[in-house]
Amino acid sequence: EMVPYKKMNLKDILLFPFYLFSFVNNLIPYQPVRYLIANVIKDPCFFASIKFLVGLFAMPIFYILISLLLLLFGVDHYLIWGYLGLSVVTPYLFVRAKELLLPTNGQKLKKKKPAVYEEIQQRLGTFRTLRSSILNE
């Protein structure tokens, strides 16, 4: 049976605080992307472009707004710079953080439509067998 996510390893355990930070910090600015992909953009070819543009513009604006709020509440400048530094270097961890912290689509499909899930698993098994025979594994 296909595992819907990559299993947690030592690297994941060591990076978990950063995964958690990235997940919490990027969840709010990621919501417009989810909305656009689910309700506005119908062609999947544009999903990556939308994600890129939001990442390029909305996320830095969000980080700056949070930093300004922290400044208004009297948080030390070093902590604000630390927040900005972590915010800039951890967004790439967001995808893995979602895998670790949220149920995957495979798990949702297995619960809601078990027959479809089983058919997909069967076809994936057939594909893996064919691939192995071609690659002589």
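This is a predicted model: local features need pLDDT of at least 70, side-chain atom pairs count only at pLDDT 80 or more; totals for chains, interfaces and linings use all residues.
Student: How many salt bridges are found in the whole structure?
Tutor: Three.

Student: What does Asp12 pair with?
Tutor: Asp12 forms a salt bridge with Arg96, and their closest N and O atoms are 2.6 Å apart. Asp12 sits in helix H1 and Arg96 in helix H4, so the bridge ties together parts that are 84 residues apart in sequence.

Student: Are those two buried or exposed?
Tutor: Both Asp12 and Arg96 are buried. Arg96 has a relative accessibility of 9%, and the cut-off for buried is under 20%.

Student: Which other residue does Arg96 bridge to?
Tutor: Glu99, with 2.7 Å between the closest N and O atoms. Arg96 and Glu99 are three residues apart in helix H4, which means about one helical turn separates them. Glu99 is partly exposed, at 31% relative accessibility.

Student: Which residues do shared partners join into one network?
Tutor: Asp12, Arg96 and Glu99.

Student: Back to H4. Which residues are buried there?
Tutor: Phe94, Arg96 and Ala97, in a helix that spans residues 94-101. They lie on the same side of H4, because they cover an arc of only 160 degrees around the axis.

Student: What do they pack against?
Tutor: Helix H1 (10-40).

Student: New topic. How many aromatic pairs?
Tutor: The count is four. In one of them, the ring centres of Phe21 and Tyr83 are 6.1 Å apart and the planes are at 75 degrees, so that pair is edge-to-face. Phe21 is in helix H1 and Tyr83 in helix H3 (residues 77-89), 62 residues apart.

Student: How covered are the two rings' residues? 
Tutor: Phe21 is partly exposed, with a relative accessible area of 22%. Tyr83 is buried, at 11%.

Student: What about Phe62 and Tyr63?
Tutor: They form an edge-to-face pair too, with centres 6.3 Å apart and 65 degrees between the planes. Both residues are buried.

Student: Which residues form the aromatic cluster?
Tutor: Phe23, Tyr30 and Phe94.

Student: Last one: what makes up the nonpolar surface patch?
Tutor: Its residues include Phe52, Leu53, Leu56 and Phe57, and the patch is about 890 Å². Leu53 is in helix H2 (residues 47-72) and is partly exposed, at 43% relative accessibility.

How values were computed: Residues are numbered from 1 along each chain as its sequence is written. Side-chain values use heavy atoms; hydrogens and water are left out. Buried means under 20% relative accessible area, exposed over 50%, partly exposed in between (1.4 Å probe, protein chains only). Helices (H or I, at least four residues) and strands (E, at least two) are DSSP runs, numbered from the N terminus. The arc is that of the directions from the helix axis to the C-beta atoms. Contact means heavy atoms within 4.5 Å. Rings of Phe, Tyr and Trp (its six-membered ring) pair if their centres lie within 6.5 Å; planes under 30 degrees apart count as stacked, over 60 as edge-to-face and the rest as tilted. Patches are made of residues with over 30% relative accessible area and no salt bridge: like charges are joined within 9 Å, nonpolar side chains (Val, Leu, Ile, Met, Phe, Trp, Tyr) within 5 Å. Accessible areas come from the Shrake-Rupley method with a 1.4 Å probe; for residues, only the protein chains shown count as cover. A salt bridge is a side-chain nitrogen of Lys or Arg within 4 Å of a carboxyl oxygen of Asp or Glu.
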